[in-house]
Amino acid sequence: MISFGCKLNYAETSAIRHQLEEAGFTVAASDQIPDYVIINTCAVTSQAEKDARKAIRRVHRLFPSAKIVVTGCYAQLRPEELAEQPGVIAVFGNTAKGQIASFLSSHPEDCTTHLFVSDPDGFYQAATAPEDSRTRAFLKVQDGCDYKCSYCTIPKARGKSRGMAIEEVLQHIEALEQAGYPEVVLTGINLGDYRDPQNRKFFQLLQAIEAMRPGLRVRISSIEPNLVTESIVSLIAQSSVFCPHFHLPLQSGSPAILRRMRRRYTVETYRQKVSMILEAMPNCAIGVDVIVGFPGETEEHFQQTYEFLESLPVAYLHVFSYSERSGTDAALFPNKVPAEEKKRRSQLLRRLSEQKRQAFAQRFVGQTLEWIPEQYDPQHGGWVGWTENYIRLFVPAPATLAHQRYAVRIHRRKAAQLVGDIAEPLTAPATVVQLPVVS
Ligand code: SF4
């Protein structure tokens, strides 16, 4: 199975894998020729679509007999384009993802390519970790988006905003805790706009999770700034369950560009939200998404963005180059920014991001932070993982170290990474035995 795109897509890829295993399929070993290859695509940028086509061609070249099944946002938006690719026997839109296992179980041996694409609705449940992680599980609690950002094609691929019932979310968290995961990341397309079938909102979901007092820690993946409320911030500030970490998409620090992007906040509102969070939680990590090279972004607009970000006390930036998506309003906007200029602006912001990461990490040297080991580094004899406030932290420890929460004393910083020693375990050791089955 090959997965592209966001954490939500990865969670869905794992859910498809579970369904296939339940239907009797097994994952091919690296020296075996697979009968089927499932590719879960992304459509957020033209590069993501290019990567998906490249992956299909590569799979077909390596395993000419393998039957390729494609799904995901690209499949939802342009199924015919993917059906023409070599080796593809079926294309499933986002709503039809759950039917892949039953289709392959009764796969008709004809030569036609099957298309299963309808308007995106319903809720395909998905919860899991990337295959190589025994630390973080991604739980999809929300899908779709009702916003109309002028550059974005995702609402067409994912449909209207909708959420999983609060009771089901709690059941999934319990299952993930029992399976041994020390951290769950709540994911969605527009997570803060979560509304469950009983119209309960994101804050109510957080309250219910807090009241449940799970033994694992819970992280919120990304939330639109306009949806960050005082009640959400104060709940997280007082919580021992939620990580002090917000990821707030800004996209531009220029008021004119923000308006043309049709974002639902101003730069002043954004700054207020950052201040509100840091007043309640001074050690909270705030990450920022930013897009450079939006049509009509002049040097002056870019400078406004740069200076705004430079002045914000945030921990890191995720920088994206604007990618034109056909069918969006922004694709018709004049004054496109040349690729070279987008590259230059990206580089400047990436450098700023690195400075911010290092400055944020430096504040915690000499302190104790909560940490979960994620990946063993045999070369340096230790584990790399993330603190609750999202700083990369290396701890010298044996390969057998249990995947659980630890209090770690921080000794020093190496670039944007901290180095420390375990002070004490914070939870009982847990071993991941198997992934929870998603119904
Ligand atoms: S909030 Fe805007 S950018 Fe995000 S998915 Fe919705 S329309 Fe796209």
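Two residues are in contact here if their C-beta atoms, placed from the backbone, lie within 7 Å. Keep that handy for the stops below. Residues are numbered from 1 along each chain as its sequence is written. This is a predicted model, so local features need pLDDT of at least 70 and side-chain atom pairs count only at pLDDT 80 or more, while totals for chains, interfaces and linings use all residues.

**Stop 1: Leu216.** Leu216 sits in the loop between α8 (202-212) and β11 (217-220); helices (H or I, at least four residues) and strands (E, at least two) are DSSP runs, numbered from the N terminus. Is Leu216 buried or exposed? It is buried, because 23 other C-beta atoms lie within 10 Å. The cut-offs: buried takes 20 or more other C-beta atoms within 10 Å of a residue's own, exposed 12 or fewer, and partly exposed is in between, with C-beta atoms placed from the backbone. Now draw a distance from the C-alpha of Leu216 to that of Thr71, 145 residues away along the chain, and you get 32 Å.

**Stop 2: β12.** Select residues 245-251. Six of the seven residues of strand β12 are buried, so the strand is largely enclosed by the rest of the structure. Phe246 has Ile286 in β13 as its bridge partner.

**Stop 3: the barrel.** Which strands make up the closed barrel? Five of them, running β15-β16-β17-β19-β18 with mixed pairing. Select residues 368-377 (β15) and 406-414 (β18), an antiparallel pair with four bridges. Zoom in on Thr368, whose bridge partner in β18 is Arg409.

**Stop 4: the ligand.** Select Cys145, Tyr147, Cys149, Cys152, Ile154, Pro155, Ile189, Asn190 and Glu224, the residues around the ligand; each has its C-beta atom, placed from the backbone, within 6 Å of it.

**Last stop: zoom out.** The protein has 13 helices and 19 strands. Its C-alpha trace spans about 65 × 55 × 50 Å along the principal axes. Of the 439 residues, 45% are buried. Among contacts with a separation of 6 or more, 73% are between residues 24 or more positions apart.

Conventions: Pairing = 2+ DSSP bridges.
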